[in-house]
Amino acid sequence: MAFAPATNDGYKSILDSLTTAVLVLEDNLKIRYLNPAAESLFETSLTRSQGHPFSDILAASEDALNTLYAALQNGQSYTRREAEFALTSGARLTVDYSVTPISLDPTELLIEIQPRDRLLRISREEDLISQQETSRILVRGMAHEIKNPLGGIRGAAQLLDRELNDEDQREYTRVIIDEADRLRSLVDRMLGPNKALKFAATNVHEVLERVRTLLEAESKGRVTFLRDYDPSLPELWADKEQLIQAFLNIARNAMEAAFENQTGASDEEPPTIMFRTRALRQFTIGHKRYRLACRVDVIDNGPGIPPDLLQNIFYPMISGRASGTGLGLSITQSIIGQHHGLVECESEPGKTDFIIFLPLEENP
């Protein structure tokens, strides 16, 4: 009996309900069938792709093509783990896939594909959240140990200042008081915002436009700002001022890094920062799945972040710039975390992308 999932209602209803992407290819590697999970994965439809070559939806690697041809010739099943597929749209997917020949005349191939990107991202996010929690515990403990003796030092300096009559000697006590205040301020900044957030319906595009306006004034026209907004995004439940601070920290870092690495050559590409927003449906952030979420990308064309630094940039006091304090990204991650979101970073020379995920549900 011929395998005809596109016409057999019983098989079709089963295949359509699977979350695993399923494809059937003819012996010439033309597409015969895609289930809905495969349509979603490859960003196409069965109507549009049926009868077309497999390469129309997937820029298949040589290894993947060899696997398909080997399955046809040998009649054996093959499985590949964490293989990389490049879609014709330019997107890249990490997948596990199995190829099974179907004994027909001619032979057809049944391909089952399980995307790994989401699982890998969730695992990476869990590690990131765990690191952040460890960092917060460490910073709180360190702040407690620092602020207590600082208070004693400052108090003793104040008492000594009152006892001294010599103005030259009192200058030293004032230095002690000022430096104690400076250290206390630094510790407070490491702890991040200590005020309760004021949540309200907030338009993320208004937040980004405020950041763009501030940085345009700071850069005095030396930075090109690009915008790619999704106008369908609903408002999110957030503290607007805190979100402005979070996005400002990211974009300002990008701008300053680009300035520090300019050589002054006239043909050099000017610093560019792109703000992009997209809606994500049924999206997992950390341990929780949201019906609707927002993705914000802040992309710059700077020199990139060194790989050995990239894994640690959200820790306090970690900075890739000589003049940096290493607190901006730590504070940003703390603010976004209080909004039940997460910040990730992907970087290579010429492109650094800070990706911010925020739930679009009231009181998430």
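Grid points are joined across faces, edges and corners, and the volume is the space filled by probe spheres set on the points.

**Ground rules.** I note that this is a predicted model, in which local features need pLDDT of at least 70 and side-chain atom pairs count only at pLDDT 80 or more, while totals for chains, interfaces and linings use all residues. Residues are numbered from 1 along each chain as its sequence is written, and side-chain values use heavy atoms, with hydrogens and water left out.

**Whole chain.** I read 10 helices and 12 strands in the chain, where helices (H or I, at least four residues) and strands (E, at least two) are DSSP runs numbered from the N terminus. Of the 364 residues, 41% are buried; here buried means under 20% relative accessible area, exposed over 50%, and partly exposed in between, with a 1.4 Å probe and protein chains only. The chain exposes about 19,900 Å², of which carbon and sulfur atoms supply 49%, the areas coming from the Shrake-Rupley method with a 1.4 Å probe and, for residues, only the protein chains shown counting as cover. I also looked up contacts (heavy atoms within 4.5 Å): among those between residues at least 6 apart in sequence, 61% join residues at least 24 apart.

The largest cavity has a volume of about 50 Å³, and I list its lining as Phe54, Ala64, Leu68, Phe85, Tyr97, Val99, Ile111 and Ile113. Helix 4 (62–74), strand 4 (92–102) and strand 5 (108–115) each give two or more residues to this lining. The lining divides into eight nonpolar residues, no polar and no charged, if Ala, Val, Leu, Ile, Met, Phe, Trp, Tyr, Cys and Pro count as nonpolar, Asp, Glu, Lys and Arg as charged, and the others, Gly among them, as polar.

I followed strand 4 next and found it mostly covered, with eight of its 11 residues buried. Strand 3 (residues 78–86) pairs with strand 4 in the antiparallel sense over seven bridges, pairing being called when DSSP finds at least two bridges between two strands. Within that pairing, Ala86 has Arg92 as its bridge partner in strand 4. Strand 4 and strand 5 also run antiparallel, joined by eight bridges, and they form a hairpin with five residues between them.

Is Asp96 buried or exposed? Asp96, which lies in strand 4, is buried because its relative accessible area is 12%. Leaving out residues up to four places away in sequence, Asp96 touches Arg80, Arg81, Glu82, Glu112, Ile113, Gln114 and Arg116.

**Strands 1 and 2.** Strand 1 (residues 21–25) and strand 2 (residues 31–34) pair in the antiparallel sense over three bridges, and Leu25 has Ile31 in strand 2 as its bridge partner. The two strands form a hairpin with five residues between them, and Leu29 in the turn has a positive phi of about 65°. I then checked Leu23, found in strand 1, which counts as buried because its relative accessibility is 0%. Leu23 and Phe54 are 31 residues apart along the chain, with their C-alpha atoms separated by 9.7 Å. Among the residues that Leu23 touches, not counting those up to four places away in sequence, I note Phe54, Ile111 and Ile113.

**Lys147.** This residue sits in helix 5 (residues 117–163) and counts as partly exposed because its relative accessibility is 21%. Lys147 and Ala180 are 33 residues apart in sequence and 9.1 Å apart in space, C-alpha to C-alpha.

**Positive phi.** Lys220, in the loop between helix 7 (204–219) and strand 7 (224–228), has a positive phi of about 55° and is exposed at 73% relative accessible area. His340, in the loop between helix 10 (328–338) and strand 11 (342–348), has a positive phi of about 65° and is partly exposed at 37%.

How values were computed
1 Å grid on protein atoms, 1.4 Å probe; cavity = no way out; pocket = protein on both sides within 12 Å on 5 of 7 lines; lining within 4 Å.
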